[in-house]
Amino acid sequence: MAVHAVTEWSSGLFSCCDNCSSCCYGFWCCPCLACTVSGMVGENHCLPLCDMFSPAILSSCGVPLFIPPALLSLRVGIRHKYGIKGSYCRDIMTSCFCVWCSWCQMHRELKYRKKNPTVVNMQPTPAK
């Protein structure tokens with residue numbers, strides 16, 4: 001199997017000054033930013049609405065723990081697509097406790113990757 005380079009996020013979780021337009025967009029309309037990120041990844045623009053409606057549904061069923069499913073899945077997908085170093089545990093913690101910062105970081109990452117296209121192939125090489 002080929003060895004692939006593992007990279008870091010292009011900006012930190014709290015690096016709002018790296019791209020003020022993304023952070024302002026997220027601050028003034030985080031649902032809009034979330035839908036934009038979802039579209040940039042190639043998913044349905046309305047996918048983040050699951051995160052907005054899930055707390056009410058889960059609390060009505062008596063489930064106190066809430067992990068935003070769309071945010072978590074998109075974050076893990078971006079991390080795997082670009083070979084970004086991290087773990088599921090860290091993604092869960094970030095998705096639960098830094099929702100707004102996570103959406104902003106993903107938006108900055110996708111804008112960065114659009115300017116500097118590199119995709120890491122995580123598939124094993126075919127056997128001959």
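Guide: Helices are DSSP runs of H or I with at least four residues, strands are runs of E with at least two, and both are numbered from the N terminus. This is a predicted model: local features need pLDDT of at least 70, side-chain atom pairs count only at pLDDT 80 or more, and totals for chains, interfaces and linings use all residues. Residues are numbered from 1 along each chain as its sequence is written, and side-chain values use heavy atoms, with hydrogens and water left out.

Visitor: How many helices and strands does the protein have?

Guide: Read along the sequence, the pattern is α-α-α-α-α-α. The count is six helices and zero strands.

Visitor: What share of the 128 residues in the protein is buried?

Guide: Buried means under 20% relative accessible area, exposed over 50%, and partly exposed in between, using a 1.4 Å probe and protein chains only. By that cut-off, the buried share of the 128 residues is 35%.

Visitor: How are helix 1 and helix 2 oriented to each other?

Guide: Axes are lines fitted to C-alpha atoms, for helices over the stretch in contact, and angles run from 0 to 180 degrees between N-to-C directions. Helix 1 (residues 20–28) and helix 2 (residues 30–41) pack at about 120 degrees, with axes 5 Å apart. Under 35 degrees counts as roughly parallel, over 145 as roughly antiparallel, 65 to 115 as roughly perpendicular, and the rest as oblique. The two helices are therefore oblique.

Visitor: Which residues of helix 2 meet helix 1?

Guide: Contact means heavy atoms within 4.5 Å. From helix 1 come Ser22, Tyr25, Gly26 and Trp28; their partners in helix 2 are Cys30, Cys32, Leu33 and Thr36.

Visitor: How do the residues of that contact divide into nonpolar, polar and charged?

Guide: Ala, Val, Leu, Ile, Met, Phe, Trp, Tyr, Cys and Pro count as nonpolar, Asp, Glu, Lys and Arg as charged, and the others, Gly among them, as polar. The contact of helix 1 with helix 2 has five nonpolar, three polar and no charged.

Visitor: Which residues of helix 1 are buried, and what covers them?

Guide: The buried residues are Ser22, Cys23 and Gly26. They span an arc of only 95 degrees around the axis, which puts them on the same side of helix 1; the arc is that of the directions from the helix axis to the C-beta atoms. Their cover includes helix 2 and helix 6 (99–115).

Visitor: With which residues is cysteine 23 in contact, leaving aside neighbours within four places in sequence?

Guide: Cysteine 23 has a relative accessible area of 7% and is buried. Its C-alpha lies 8.9 Å from that of arginine 108, 85 residues apart along the chain. Its contacts beyond those neighbours are Cys16, Trp100, Cys104 and Arg108.

Visitor: Which residues do ring pairs link into a cluster?

Guide: Rings of Phe, Tyr and Trp (its six-membered ring) pair if their centres lie within 6.5 Å; planes under 30 degrees apart count as stacked, over 60 as edge-to-face and the rest as tilted. The structure holds two aromatic pairs: phenylalanine 27 with tryptophan 28 is edge-to-face, at 4.8 Å and 85 degrees. Phenylalanine 27 with tryptophan 100 is edge-to-face too, at 6.3 Å and 80 degrees. The linked residues are Phe27, Trp28 and Trp100.

Visitor: Is glutamate 109 buried or exposed?

Guide: Glutamate 109 lies in helix 6. Leaving aside neighbours within four places in sequence, glutamate 109 is in contact with Trp9, Ser10, Ser11, Ile78 and Ile84. At 0% relative accessibility, glutamate 109 counts as buried.
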